[in-house]
Amino acid sequence: MLGSIYAMVAVALTLSIGVLRFLNFSIPGLFMIGGMTAWASLHGGMPWPLAIGAALVAGALASLLVERFTWRWMRNAQHFVPLVSSMAFLLLFEHLAVIYWGSELRTVPSLFPNADWRIAGLVISLPQLSGLVCSIVLIWALTLVLARTRFGRGLRTIAEDSDTALLLGVDINRIVPVVFLISGLFAALAGVIFALNYRQVQPFMGEMVGLKGISAMIVGGMGNIWGSIAGGLIIGLVEVMSIGYFGADFVDIAIYGLLLLILFIRPTGLFAADFAGQRA
Amino acid sequence: MSGYLEGVLVLLAVNVVFAYGGFLPLAAGQLNLGLAGFAAIGAYVSAYLSNVFTLAPVIAIPLAGVAAGIVALIVAVPVLRTRGIYLALATFALGQIVQAIILNLEVVGGAAGYPVAAFIRLPAIAAAAAVVVTLVWLLFATRFGIAVTAVHDDERVADLMGIDVRAFQIAAFSLGSAITGIGGALYAHHFSFIEAQYFNISLSITIVLYVLLGGTQTVIGPLLGAAVFTLLPELLRASANWRYVAFAAALIVIMALRPEGLVTGAQLRRLFGITRAEPRAAAVAAGLPKERAG
Amino acid sequence: MSANEPILRLDSVSKHFGGLRVIESLTFAVRRGVRTALIGPNGAGKTTVFNLITGVFSVDAGRILLDGIDITDTPSRLRIGYGIARNFQNIRLMPHLSALENVMVGQHCRNRGVRGVLHPVNLVPRNRWREAARAALADAALIQYERSTVGNLPYGVQKRIELVRALMAQPRLLLLDEPAAGLNPAETETLQAQLEKVCIGGLTVLVVEHDMHFVGALCEDVIVLDFGRKIVEGSPEDIRHNPLVQEIYLGAPAAEPMERHSARSA
């Protein structure tokens, strides 16, 4: 379950890195915005479909704000400038959240508390199942879009070579905001799923949870969608296993240790391939 | 001096030290996103040495800096074999790992935090900061400064000019980490309590941001960046959270308009009297023959 | 190091990039103190030869000898210490260093080691390294630019600063990649005079150039390359009249002496 959340965040990150060549550090912030907006809406009495919708809208808007102020102005500047600005956005979002909502841990009301399934000794709740299904469907839809549609082809072309893409008439200026939009939605939705399943949110949840999506992305294979999916599942597995064997305190060490190891040994990731998954 | 003012100035001094810790790798073209981890190493080592071995801070703090520097040296070789974004990510992972390890180290309090017995006041901290600034300034006035900037600008050509790119990168990275460790130690001995939660990615990001705010082209930039970050919100009486919001927003705008930061090399050259950006050919050339004979 | 040993010798050097054979069993020698030109059509591999000599690329086969010393496996960083300096086709000065500091980078190979690195060159007013660099700039009539940000300087000035930087390493062999490209006639003449002057001191110069007037005026020996191989070698006069060379450049044997368009952008 956690794996699919990490996978969604990793996919969001991968879209940025693969197509735009920039590590979008604001994505954990968008994750938090999704989760906290969902909580705030539910807390305010909104029915759950609207609450989720509000969270997604918030995430999308925030993502487009990031686009406006990192990508649009700074493409041609020094290479690390967009990364730095995205880090500033992360701080911005986190502290605005603290100002607006306070820094305490908030509990998300449980939806469908009685709709649990018992399958083969495992208890699966509705939010869990729907979260899982949702992420699988969306990621699958994304890969379809990448493979079949004109838009997807445009993305893959830009990912491979932005100069050629320009020559081939791909309209980068129109595609870029869409990439930000999609990655923002994925990140926000991951936050929503996390909020509904683990039922705890706080302004720094991006740092606690979302940042592990970076590990997932790299471990699976930087800049490659299938890799980030695999990475998400791997990191989720590592988390569960390290809780089981070493206790909850060692989770971060395991996850970031794995990231460091991969960076040393095989920086392209376990499943190195190009953007849409062809073998590197 | 009021306790409030002392607190602000101590924070300024600590931030200045952190800034120079972040400046060194950036000057060599590396982004160290694990600064908080090295600050944590410095803080905890110094606190431990002074708590358990009752070493005076004036001994413990430099030792802690050395410890942070040694850890940096050990990881520098594999980490610096990565490039660009991978390097930033490796340092990021490093910072997270250090924080996580400390959280689990019961001998220094674990998640509950670690009280620090030895206490130092503003004069000592300010002096330490002054020493750090002076040393870095002196260092950059040597061939080290030229070589590091060359490495930052063009690794390939620097290498062909005989500069050991790898060695300078490792040196900048390790020295920067040691300085950051000293900053952490100074913090520990004044605020008398440290916890792993403080040394998180936000701290690393914040430091990087105010170094970039000041500008990495000159040795004065980090000082200015730390000063603006620490003092401006005080003057505006901003709350803790609004200060970050304003800071982040300002950074975003500055990165859009003037990514070199507040102080640039060209500006500095123009500013300081004897230096001229415009050629004063006749006057200078006329003065030359005497000098060349020497 | 015998007096008859050529200062530079390439022995059957080959370099492939993937399937592309850029340099194929190339053998030539540059004699000490002889100003030599390396010419050939675009794509002949001239800049690759420079990159092999300086160690940017490693050779796939063959040997490179400098004054009889085999430097084939020497790391690129150490080759300037052996006495090879170069400039770059598209100027590569350090944008964040002043002109003077850029020139001082050229001194680095002579001022290495921990003591050298910690030399307070920018602190002490009359530091000898700094003064030596200033003198070199003054010599080249560039002293007025010493504190300038190099990125804003005119193209011709930047090129000359780059040359001073290379000379600061006090090399035995100077590799120049299209030093006259982009210079106006006056600047080209200055360059020629400057190079002739430094060669009197014993420096050997190997020049890649398209400007045949410049080559004819400056160089005593010309090596012609095509498809990564040495085609012919001789004096500029010989080369100009050589039918093989004419064929390479024009694609067909020509009756008249070849007149080569200069590749200047000025």
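What share of the contacts in chain B with a separation of 6 or more is accounted for by residues 24 or more positions apart? In this predicted model, such residues account for 80% of those contacts in chain B, two residues being in contact if their C-beta atoms, placed from the backbone, lie within 7 Å.

The model is a predicted one, in which local features need pLDDT of at least 70 and side-chain atom pairs count only at pLDDT 80 or more, while totals for chains, interfaces and linings use all residues. Residues are numbered from 1 along each chain as its sequence is written, and chains are lettered from A and ligands numbered from 1 in the order in which they are written.

Chain B has 13 helices and two strands, whereas chain C has 10 helices and 10 strands; helices (H or I, at least four residues) and strands (E, at least two) are DSSP runs, numbered from the N terminus. The table sets out some overall values for the two chains, with a residue taken as buried if 20 or more other C-beta atoms lie within 10 Å of its own, exposed if 12 or fewer, and partly exposed in between, the C-beta atoms being placed from the backbone.

| Chain | Box of C-alpha atoms along the principal axes | Buried residues |
|---|---|---|
| Chain B | roughly 70 × 45 × 40 Å | 55% of the 294 residues |
| Chain C | roughly 60 × 40 × 40 Å | 45% of the 266 residues |

For chain B, with 294 residues, a compact globule would have a radius of gyration near 19 Å, and the value of 20 Å for the chain agrees with this. For chain C, with 266 residues, the corresponding expectation is near 18 Å, and the value of 19 Å likewise agrees. The radius of gyration is taken over C-alpha atoms, and the globule rule is 2.2 Å times the number of residues to the power 0.38. In chain C, residues 24 or more positions apart account for 66% of the contacts with a separation of 6 or more.

**The contact between chains A and B**

Where chains A and B meet, 35 residues of chain A are in contact with 33 residues of chain B. On the side of chain A that touches chain B, α3 (48-74), α4 (81-101), α10 (212-220) and α12 (251-265) of chain A each supply at least two residues, and α4(A) gives the most, with 13 residues. By class, that side of chain A has 28 nonpolar, four polar and three charged residues, where Ala, Val, Leu, Ile, Met, Phe, Trp, Tyr, Cys and Pro count as nonpolar, Asp, Glu, Lys and Arg as charged, and the others, Gly among them, as polar.

**The domains of chain C**

Chain C is assigned a domain 1 (1-83 + 171-266) and a domain 2 (95-168), with bounds that come from an automatic or database domain assignment. Taken over C-alpha atoms, the centres of these two domains of chain C are separated by 27 Å, and their contact takes 10 residues from domain 1 and eight residues from domain 2. On the side of domain 1 of chain C that touches domain 2, the elements that give two or more residues are α2 (76-82) and α7 (185-200) of chain C, with the largest share, three residues, coming from α7(C). The residues of that side divide into six nonpolar, three polar and one charged.

**The sheets of chain C**

One open sheet of chain C has four strands in the order β2-β1-β4-β5, with antiparallel pairing, strands being taken to pair if DSSP finds at least two bridges between them. Because β2 (20-30) and β5 (69-70) of chain C stand at the edges, each with a single partner strand, one side of each is left without a neighbour in the sheet. Strand β4 (residues 61-66) of chain C is joined to β5(C) by two bridges, and C:Leu66 has C:Ile69 as its bridge partner in β5(C).

Another open sheet of chain C is formed by six strands in the order β6-β7-β8-β3-β9-β10, and its pairing is mixed. Strand β3 (residues 36-39) of chain C is covered on both faces, with C:Thr36 and C:Leu38 buried on one side and C:Ala37 and C:Ile39 buried on the other. Three bridges join β3(C) in parallel to strand β8 (residues 204-208) of chain C, and four bridges pair β3(C), also in the parallel sense, with strand β9 (residues 221-226) of chain C. C:Thr36 has C:Leu206 as its bridge partner in β8(C) and C:Asp221 as its bridge partner in β9(C). Five bridges join β9(C) to β10(C), which run antiparallel.
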